[in-house]
There are 2 protein chains.
Amino acid sequence: MASTPKTVPDIVIGRLPLYLRALTYLAAEGREITSSQELGDRLGISSAQIRKDLSHFGEFGKQGTGYEIQFLRQQLRRILHLDREWEVALVGAGDLGLALVHYGGFADKGFQIVVVFDRATQKIGKRLGELEIFDAEAMPTIIKDKRIEMAIIAVPAAEAQAVADVLVESGVRAILNYAPITLSVPPNVQVQYIDPIVYLQHMTYYLA
Amino acid sequence: MASTPKTVPDIVIGRLPLYLRALTYLAAEGREITSSQELGDRLGISSAQIRKDLSHFGEFGKQGTGYEIQFLRQQLRRILHLDREWEVALVGAGDLGLALVHYGGFADKGFQIVVVFDRATQKIGKRLGELEIFDAEAMPTIIKDKRIEMAIIAVPAAEAQAVADVLVESGVRAILNYAPITLSVPPNVQVQYIDPIVYLQHMTYYLA
DNA sequence: TAGATTGTTAATCGATTAACAATC
DNA sequence: TAGATTGTTAATCGATTAACAATC
C-alpha cells in the first residue's frame, strides 16, 4: 500500500516568498546569520510557525545558532523553483501594464516579462517600455512558440475570462490576474488575484 | 460577568468584498435573486461557507428562495462601511501611482483618491492625471487637514516604512502597501499588502 | 560548561464541511 | 403540496502554538 505523498499546505507555500524576501533584505544589510525569532519579528509571524513551515522541507538551521542566510535563501529558491528564470507574458498594455514592465523588481526575483499583448489596433506595433506590443490574436502562436508558462492579465474585467481561456489553451499554467473577477480555469492551472478594491474594502470594515 | 463580544474572524471579513463583487456583477446582468450555491460556484467557495460567513451578521436570505441581490448588496456595503465615500491619499507619483489614479474602479466602489504626494522636486506641482502632486513634506498638514484615514503606498521599498510612519502620525488608520516590505505599524492600524512577486513565486512552486 | 536556538511533538485553537430541521 | 434553500449545529479537518529534548 503506497503511502500518499503528504503535500505541503498551500498556506505554507504562500509564506515562503515572504521568508525569502526577508532573507534577501537581511543579506543586503550584510547579515550572515538569522533566527526564526528575528525573521518572525520582521514579518509579524511567530517563530514557531516559521520553524514548522521550514520543517516540511528539511532541516536548514543549526541548534543554538540559527540559519545561515545565504544557505536558507538558496534552499527556498530551490523549493520555489526560482533557481531558473521564468518568462512571463503580459496581456494588456494600459497604464497598469506599463507600470509592470517598468517595475524593476521582476528581473532579479526570477521573472522576465518577455512579450506584451493588446487587442487595440492603435497600440499594436507600438512599444510598451522596451517591448513591442503584439496583437492579442497572436497570443496562441507566440506563447506556444516561446513555451511561456506564466502570464499576467491586466485587461478590463469583461475581457479577462476570454483572455484566460486563450492563455490556458496556449499552455500557460500560472496566471496573475489583476482584473477584478474570479477566473474559471482547469484545476491544474494556478491563479492568483490582485484587486486593490478588495483589500481596501477589507480594511474599511475595521474603520469606525 | 460581561460576555466578550465575539469578533468575526478576519478571514471571513476578507471574503465579504468578494461576495459583494460577485453580487454587483449579478446585478449588472439584470439578476434579482441568487443563492449561496450560485455565488459559491462563481467564486470557487462552498455554499456552506458563504451561508456560515453571512450568518455572523444576521439573516439575509429566504428559505427555498435564496438572496435578494440588491438587498444583500446593501447589507454587505453597510457591514463593510461602504455606505459612505472614503477619501484616500496616494503616496508615490510613479508609473504605479499613475495607473492607480487612472483606474476607474475606485470611484464607484466607495473610494476616491483625493491627493497625491511625491518627494521628487521635479514632480511637485505637476499633475498625475487630474491631481496635483504635492510635496511629501506636506503630508502631515494636508492629511490631518482633510482628515484622511486611508492611504496607498506606491514608493520604493526603502522609503515605505518612513512613509508609513508619517501616515500613521498624521491619522491614517488603513494602508494599502504596494512596496515589497512588511511594515511596522501600531496594532490599531490596518495594513494590506500587494506584491506581485510574492504571488508569482507562490505559483512557481506548483510548476514542475 | 552555559546559553541559545532548532526541529518536533502534542495540545490547542480555529475554520470548514456535512447534514438537516425549518420554512418559504 | 412538493421542491428548494436557508441558517445552524455538530463533526471533521487543518493550522497554530506551546513546550522541550536535542544539540550546537
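**Entry 1: a salt bridge between chains**

I began at R21(B), whose side chain meets that of D195(A) in a salt bridge. The N to O distance is 3.0 Å. I note here that the model is a predicted one. How many salt bridges does the rule find across the interface of chain B and chain A? I looked it up, and there are two.

**Entry 2: polar contacts and the elements behind them**

Next I checked polar contacts across the interface of chain B and chain A. The rule finds 23 residue pairs, both partners at pLDDT 80 or more. I then asked which elements of chain B supply at least two residues each to the side that touches chain A. Four are helices: helix 1 (10-28), helix 2 (36-43), helix 5 (95-102) and helix 8 (196-204). Strand 9 (174-177) and strand 10 (190-193) are on the list too. Helix 8 of chain B gives the most, with nine residues. I sorted the residues on this side of chain B by kind: 39 are nonpolar, ten polar and seven charged.

**Entry 3: the extent of the interface**

I looked up the contacts between the chains. On chain B, 56 residues are in contact with 56 residues of chain A. I also wanted an area. The size of an interface is often given as the accessible area lost when the parts come together. Chain B and chain A bury about 5,600 Å² between them. Carbon and sulfur atoms carry 67% of that area. Which residues of chain B lose the most area to chain A? I found Q201(B), Y205(B) and L207(B), together 13% of what that side buries.

**Entry 4: L20(A)**

I moved to helix 1 of chain A (residues 10-28), where L20(A) is found. Is L20(A) buried or exposed? It counts as buried, because its relative accessibility is 6%, and the cut-off is under 20%. L20(A) and D108(A) are 88 residues apart in sequence, and their C-alpha atoms are 13 Å apart in space.

**Entry 5: T34(A)**

My last stop was T34(A), in strand 1 (residues 33-34) of chain A. T34(A) is buried, with a relative accessible area of 3%. Its side chain joins that of E38(A) in a polar contact of 2.4 Å. Beyond four places in sequence, I listed the contacts of T34(A): L23(A), L26(A), L39(A), T65(A), G66(A), Y67(A) and I69(A).

Note on methods:
Residues numbered from 1 in each chain as written. Chains lettered and ligands numbered in written order. Predicted model: local features only at pLDDT ≥ 70, side-chain atom pairs only at ≥ 80, totals over all residues. Heavy atoms only, no water. Contact = heavy atoms within 4.5 Å. Buried area = accessible area lost by both parts, 1.4 Å probe. Salt bridge = Lys/Arg side-chain N within 4 Å of Asp/Glu carboxyl O. Polar contact = N/O pair within 3.5 Å; in protein donor to acceptor, adjacent residues only side chain to side chain. Nonpolar A, V, L, I, M, F, W, Y, C, P; charged D, E, K, R; others polar. Buried < 20%, exposed > 50% of the residue type's maximum accessible area, 1.4 Å probe, protein only.
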